[in-house]
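Here are my notes on the model you sent. Please read them with the structure open.

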Amino acid sequence: MQKLTKQYLLEETLLKILKEREKPVSGEKLAQLLGISRVAVWKKIKKLKELGYPISIYKKGYALSNKDIFLKEDIDELAGITRLFEEVIYLLETTSTMDIAKDLAEKGKKALVIAEKQTQGKGRLGRKWESQEGGLWFTLILHEPLPLRQAHFLTYLSSVAIALSIRETFHLPAQVKWPNDVLIFDKKVAGILLEIKAEVDRLIYALVGIGINVNNQVEDKEFLYPATSICEILKYQVERLPLLKSILKHFDSLIHRKEHILPAWKELSSTLGKKVRIETSDKSITGEAIDLDEQGALLIKTEEGKIERIYSGDCFHLRNLNL
Ligand code: BTN
């Protein structure tokens, strides 16, 4: 347990005041509330800005330009939700939460790594993942004794946890898309990147990287698949903490009831029943996505009536038969 120093508590309190106030707070008011001098307030502001906190300075005082940052009390709350991890690492900026998580996993740590911004966000198949402020970017380190052939169940589990949480938190009709996406109104709102370390046929650790477009704008960007964000759909900024808490709760519950994962995925699926094109590293298959088998492979019925089992690849939903 980290011992909190007085200095640290003052900075936390300062951030909390700025987070709760609509308007800028003057240096004088902050000095009075914190019981320190105005010069000391200025020094704290300077330090917090250097750490990357989005504090704007106005004539009338100081304000947080993004009020949706996580405070220590939020992080403590997240840490109490599940025993899947022992610590929460919260970073204002990093290359990729996958890099930080990998270093920790190699040391045997179980952690949740969250970043406000990633400068080298990673997507599947070596693609870049746009990760500006406003999104929810995190990696969960799992040391689960899963057989290797079941590792991809973790992506199904994650997409189900995300879709259910978006439905419950924002009442939006989120659906899962094979293999690892979450869609709202047919546009991608979240993606999952699974990295594993394995030994023969056993998983040593898994890094489950989750990226959700929440308050970030994505409409003018070009993606492989049309993308959206929760705030673009709702037309207002939302709080990310309730969404993250809900995802962790669903994750915890599904990992202890693995038999629920595939039925829940099928129930929430936007892929099953659709005509799709799957591109794997060596071929392209077009047909109807008819089911997931018990191993988690997607079953495609081709035009010749043959059933193909697909374990990985890019999937495109074809809206009409001419595509
Ligand atoms: C995809 O759809 O291609 C997967 C995207 C995964 C993005 C997340 S954001 C948090 C974690 N850190 C990364 O660099 N990538 C994953």
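1. Threonine 97 is found in helix α5, which covers residues 97-106. This is a predicted model, so please read every value below as computed from predicted coordinates. Threonine 97 has a relative accessibility of 2% and counts as buried, because the cut-off for buried is under 20%.

2. What does threonine 97 touch, leaving aside residues up to four places away in sequence? The list is Val113, Ile114, Ala115, Gln118, Trp137, Phe138 and Thr139.

3. Now the charged pairs. The structure holds 25 salt bridges. One joins glutamate 73 to lysine 16, with the closest N and O atoms 3.3 Å apart. This pair links distant parts of the chain. Glutamate 73 sits in helix α4 (residues 72-79) and lysine 16 in helix α1 (residues 6-20), 57 residues apart. Glutamate 73 is partly exposed, at 43% relative accessible area. Lysine 16 is partly exposed too, at 28%.

4. Lysine 258 and glutamate 144 also meet through their side chains in a salt bridge, at 3.5 Å from N to O. Lysine 258 lies in the loop between α8 (241-255) and α9 (261-268). Glutamate 144 lies in the loop between β5 (136-142) and α6 (153-170). The pair therefore ties together parts that are 114 residues apart in sequence. Glutamate 144 counts as buried, at 18% relative accessibility.

5. Look next at lysine 275 and glutamate 303. Their side chains form a salt bridge at 3.7 Å, N to O. Lysine 275 belongs to strand β10 (residues 275-279). Glutamate 303 is in the loop between β12 (298-302) and β13 (307-310). The two are 28 residues apart, and the pair links distant parts of the chain. Lysine 275 is buried, with a relative accessible area of 16%, whereas glutamate 303 counts as exposed at 64%.

6. Some salt bridges share partners. Glu11, Lys44 and Lys47 are joined into one network in this way.

7. On one side of the sequence, β7 pairs with strand β6 (residues 175-177). The two run antiparallel and are joined by 3 bridges. Lysine 177 stands opposite aspartate 181 in β7. β6 and β7 form a hairpin, with 3 residues between them.

8. β7 also pairs with strand β8 (residues 187-199). This pairing is antiparallel as well and runs over 4 bridges. Valine 182 has alanine 190 in β8 as its bridge partner. β7 and β8 form a hairpin with 2 residues between them. Check phenylalanine 185 in that turn: the residue has a positive phi of about 45 degrees.

Notes: Residues are numbered from 1 along each chain as its sequence is written. This is a predicted model: local features need pLDDT of at least 70, side-chain atom pairs count only at pLDDT 80 or more; totals for chains, interfaces and linings use all residues. Side-chain values use heavy atoms; hydrogens and water are left out. Buried means under 20% relative accessible area, exposed over 50%, partly exposed in between (1.4 Å probe, protein chains only). Contact means heavy atoms within 4.5 Å. A salt bridge is a side-chain nitrogen of Lys or Arg within 4 Å of a carboxyl oxygen of Asp or Glu. Two strands pair if DSSP finds at least two bridges between them.
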